[in-house]
Amino acid sequence: LDHHPYTINEAGHLAIGGMDAVELANKYGTPLYVFDVSLIRENCRAFVNTFQELGVRAQVAYASKAFSSVAMLQVIRQENLSLDVVSQGELYTALLADFPVKKIHLHGNNKSYEELEMAIDNDIGCIVVDNFQEIDLISHILQEKDKTISVLMRVTPGIEPNTHQYIVTGNEDSKFGFSLENGQADKAFLQLYEHEKINFKGLHNHIGSQIFETEVFQLSADILFHKLAEWHAEYNFVPEVLNLGGGFGIRYTEDDQPLSYAEHVNKIVTAVQDQSESFNLPMPEIWIEPGRSIVGNAGITLYSVGSMKEIPGVRKYISVDGGMTDNIRPALYQAKYEAVLANKAALPASESVSVAGKCCESGDMLIWDLSVPEIDSDDILAVFSTGAYGYSMANHYNRFAKPAAVFVEDGNDKLVVKRETYHDVVKNDISYE
Ligand code: LLP
């Protein structure tokens, strides 16, 4: 338990942000996402302060795909971060949270006309351009509205970090961004650089997610900087921004050994400083886009234990009242999680169980072989580090309603996303008789 940022209170219950997890489960029902806001703030500050201490100009943009809700984006705004959105829905949420538009960056490999129009109408800070069709669409909108916009170009540096294949994005054979290998990036550069309504600021890449090695960030900084230096030599282009994306790994289980965020930032800054010195170019602003590392370890999910099935000599299944509908990561990426019984957090483990979700699907298993004290129906299971890509990837499989989310901070709890009702689940259905 030591590596998870939680305590055990006098009742022997798990406490998060000073609040008793069992009481939260009783008050709001289960499944329930609980977020420790002070930890979200701490994570934000770890990134921002390190850049500040190093005296380096930077923007830390929270990748809102990890967990987007109005309350979450308000906290991110309070912490003065920028924001990465990848869709009209995420942009809509940002505007609803009064996020300063100049600090919003729009991503996406297939941005629609409406998405780009909404971004340009709202004068957002930057569009990260992904492909040639998008350049045409942006161009068209800018002409039509006689507006200007800042852009970065997303490129694939041809790096394969050591993580799950589904969350690798910076390799050459990827749906994202312009290839650096075959002249595509150079062709796009000329279109963007010479465009009178586009302010081309520099390059972006995101190598992948849940990455523990800083070497790949240094390597991608080197590769991108070489390209920028080439454009400087040939066209006298001076890069203002180098965006190295997100992907900083977090600790889901004891085996995960992430570097501190400060160490990550230090290495990135050193790599960019070395490059800018060796090419005699001014130091660009460094942008990063952490998602998981801001919110992942700040969230836990509380479930109620229901039915149990023992297969003698094989294993004991215990089923909880959620599953792949609120956390699809184990089913999709074979992601591993750790958990405790919130109401028996002080008791020693005495049996091993495997935690099943309640979806009608064999693959709906949340945790295999979890050590717990003797378990009973109605115990509250708390799964750690579910803050990122849990609620944001939740779905309605089997017509489950999405759980509620609660923020806890300084001994207070506040509902920030309502639990869905079955009315919400069927609200778009139209009768056929
Ligand atoms: N920037 C870009 C351009 C991205 O594509 C992503 C994640 C991020 C930033 C944030 O990455 P992070 O710091 O959160 O690792 N659903 C998967 C993760 C997919 C991430 C996609 N892009 C999961 O549950 O592990």
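Domain bounds here come from an automatic or database domain assignment. The structure is a predicted model, in which local features need pLDDT of at least 70, side-chain atom pairs count only at pLDDT 80 or more, and totals for chains, interfaces and linings use all residues. Residues are numbered from 1 along each chain as its sequence is written.

**View A. Domain 1 and domain 2 of the chain.** The chain is divided into domain 1, made of 7–36 + 296–426, and domain 2, made of 107–290. Between their C-alpha centres lie 36 Å. Domain 1 gives 9 residues to the contact and domain 2 gives 6 residues, two residues being in contact if their C-beta atoms, placed from the backbone, lie within 7 Å. On the side of domain 1 that touches domain 2 there are 4 nonpolar, 3 polar and 2 charged residues. In this classing, Ala, Val, Leu, Ile, Met, Phe, Trp, Tyr, Cys and Pro count as nonpolar, Asp, Glu, Lys and Arg as charged, and the others, Gly among them, as polar.

**View B. The shell around the ligand.** There are 22 residues around the ligand, of which Ala63, Ser209, Gly246, Gly291 and Tyr389 come nearest. A residue is near a molecule if its C-beta atom, placed from the backbone, lies within 6 Å of it. Helix H10 (292–295) and helix H11 (329–333) are the elements that give two or more residues to this shell. Helices (H or I, at least four residues) and strands (E, at least two) are DSSP runs, numbered from the N terminus. The shell has 8 nonpolar, 10 polar and 4 charged residues. Domain 1 and domain 2 each supply at least three residues to the shell.

**View C. Ile138 in helix H6.** Helix H6 spans residues 132–145 and includes Ile138. Ile138 is buried because 24 other C-beta atoms lie within 10 Å; the cut-off for buried is 20 or more other C-beta atoms within 10 Å of a residue's own, with C-beta atoms placed from the backbone. Leaving out residues up to four places away in sequence, Ile138 touches Leu116, Ile127, Val129 and Ile149. Ile127 is 11 residues from Ile138 along the chain, and their C-alpha atoms are separated by 9.3 Å.

**View D. An open sheet of 3 strands.** The strand order is S1-S2-S3, with antiparallel pairing. Strands S1 (7–8) and S3 (19–20) stand at the edges with a single partner strand each, so one side of each has no neighbour in the sheet. Strand S2 (residues 14–16) pairs with S3 over 2 bridges in the antiparallel sense; strands pair if DSSP finds at least two bridges between them. Ile16 has Met19 in S3 as its bridge partner.

Key. A residue is buried if 20 or more other C-beta atoms lie within 10 Å of its own, exposed if 12 or fewer, and partly exposed in between; C-beta atoms are placed from the backbone.
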